[in-house]
There are 2 protein chains.
Amino acid sequence: MSIVGVGSIAFDTITTPSGHRDNILGGSLTHFSLAASYFTDVRVVAVVGEDFGPEQEEVFRKRNIDIRGIERAPGKTFRWGGKYLENLNEAKTDFTELNVFERFQPRIPREYMDSKFLFLGNIHPSLQAEVRQKMDGVSLTGGDTMNFWINGTRSELIQTLKVMDVLLINDTEAKMLAGEKNLPRAARKVLAMGPQALVIKHGEYGATIFFREGAFGIGSHPFRAPALPIEEVQDPTGAGDAFAGGFMGYIASQGELNREVLKRALFYGGVMGSFIVERFGSERLQSLTRKEIDSRFQVFRELTHLE
Amino acid sequence: MSIVGVGSIAFDTITTPSGHRDNILGGSLTHFSLAASYFTDVRVVAVVGEDFGPEQEEVFRKRNIDIRGIERAPGKTFRWGGKYLENLNEAKTDFTELNVFERFQPRIPREYMDSKFLFLGNIHPSLQAEVRQKMDGVSLTGGDTMNFWINGTRSELIQTLKVMDVLLINDTEAKMLAGEKNLPRAARKVLAMGPQALVIKHGEYGATIFFREGAFGIGSHPFRAPALPIEEVQDPTGAGDAFAGGFMGYIASQGELNREVLKRALFYGGVMGSFIVERFGSERLQSLTRKEIDSRFQVFRELTHLE
């Protein structure tokens, strides 16, 4: 079944120990939607500027992504520049030009309204809530957020969490949101804010999904998926978004919603995260095959499963 | 089959957010041997002072650990004091009194010589090499080391690594030893120094075992075991030693040496690490049952295995 994704499309200027790229197609929604497109039909909602041309459109079209929800506004597309130095886990931002993204008001095409899955990318929590409210027929909503919103718009975020079924954040964000340094305790506090499940991403150590008692089946045991040890990470940008795309895309492709589906989804999230970092920007996500994806899923399984 | 462990026995004074204990039985060998004792016969080689009495001996005897290799020297036993503040992953040392441990010369009882498994705890690499040389009939040697030896006695350590089959260290130590910040590349460099397998411990994220190409079977794929998300860590002291005890003890208990055995051993390492932190010092390791251990092994499996 199809999934609607809302978030940012951007031009990124990135330097890593492996090289440099100017103004390549990026943004959380780009990475999310490309990753999800290998599993299900994807429809995107975003805003771009006059500098977003047929070349960029083609990247989405090739992956059969519905771009009727991409609004063109006067001005320039969101631009971000950053460097990864020795520590590939942390970007040093050179510049952030929000441009048209600053006044982003997500408009959902009528044709998207029958989608049963929704992903709210990392935008203002009030906008996330608005989109969720408009799409009141969805059966599962996933979402992302970041330190900036956790600190700056906490009360709005708390409201939005009440209508999010699965929240995907990293360790630091989970601890900050919960005000608690112990991870499983932090997870329990975040789940009490609303979500049925919480995915905490640990970067190179994988991810853990915590379930609210009784949600998606019996019990409350967490589940861990690994990340692949990778010898050459060319560019870590978008790894979390590709993770979310694999995770949500796989869920949307399945007929039912239960813990086993969410666990496998966590593996597919890791798989898509492991692909994107092999090349700059979204390059690797543009040219994958489902066969490559399933073969790497198998590697993830061998990495963690006893005979 | 029996395993010989060499390392430190100490009295620890520990403060954590959960409480405080004075002069409790600790030391890497204590934690290692107690953990290993649930899997196989354990024989220890260590030095203690005159303050080590029947009460402490009893802890080992109760677990059927052979203490004929514990030498009593004039003076006091090694003492360590430390605090874990907000960050339970890092101890702040208050004092280190090496006492009799400063002149530790491991003497291996003749009765230990038929052991096929050896664990070289965190002592001077030259002493490790000496012990390994004396016990030249062993079929598998595991070992630990730390930043202090990696920086201070690098050339001795490099020599010792040539006679160690499995090295168990943490992320920081692996990166420091290899002079390489990327983990799988660091692992490859360390394996090139001698070991057949390298276990890198990631604290709350579990551990990864990297194999030298062709060692213990076909292929060179790594394997990851999780750690259990624990809501209340009372005292993290000894988690790495308990991990090593579970890992080596399980290996020694098996009839054959292959990758599947080492993978399961990695899980048992995580299991023993998850128990020790539930109480102060070695308290939890003194009163476990094999049933509790295997039931937690099952929890680890459920935490990571898809249906």
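Predicted model: local features only at pLDDT ≥ 70, side-chain atom pairs only at ≥ 80, totals over all residues.
How many salt bridges does the structure hold over all chains? The total is 32.

1. Extent of the interface. Chain A places 35 residues in contact with 35 residues of chain B. About 3,300 Å² is buried between the two chains, and carbon and sulfur atoms give 51% of that area. Of the area that chain A buries against chain B, 25% is supplied by Arg224(A), Glu231(A) and Leu306(A), more than by any other three residues.

2. In a salt bridge of 2.4 Å (N to O), the side chain of Glu231(A) meets that of Arg188(B).

3. Elements and composition on the chain A side. At least two residues each of the side of chain A that touches chain B come from helix H6 (171-178), helix H7 (183-191), strand E13 (223-225), helix H9 (259-276) and helix H11 (290-304) of chain A. H11(A) gives the largest share, five residues. By class, this side of chain A has 16 charged, 14 nonpolar and five polar residues.

4. Salt bridges with buried partners in chain B. Arg68(B) and Asp66(B) join their side chains in a salt bridge of 2.7 Å, N to O. Asp66(B) has 15% relative accessibility and so counts as buried, the cut-off being under 20%. The side chains of Glu260(B) and Lys263(B) also meet in a salt bridge, at 3.1 Å from N to O. These two residues lie three apart in helix H9 (residues 259-276) of chain B, and are therefore separated by about one helical turn. Both Glu260(B) and Lys263(B) are buried.

5. Which residue forms a salt bridge with Arg284(B)? The partner is Glu292(B), with the closest N and O atoms 3.2 Å apart. Glu292(B) is partly exposed at 29% relative accessibility, whereas Arg284(B) is buried, with a relative accessible area of 12%. In chain A, a network of salt bridges links Glu278(A), Arg284(A), Glu292(A) and Arg296(A).

Technical notes: Residues numbered from 1 in each chain as written. Chains lettered and ligands numbered in written order. Heavy atoms only, no water. Contact = heavy atoms within 4.5 Å. Buried area = accessible area lost by both parts, 1.4 Å probe. Salt bridge = Lys/Arg side-chain N within 4 Å of Asp/Glu carboxyl O. Helix = DSSP H or I, 4+ residues; strand = E, 2+ residues; numbered from the N terminus. Nonpolar A, V, L, I, M, F, W, Y, C, P; charged D, E, K, R; others polar. Buried < 20%, exposed > 50% of the residue type's maximum accessible area, 1.4 Å probe, protein only.
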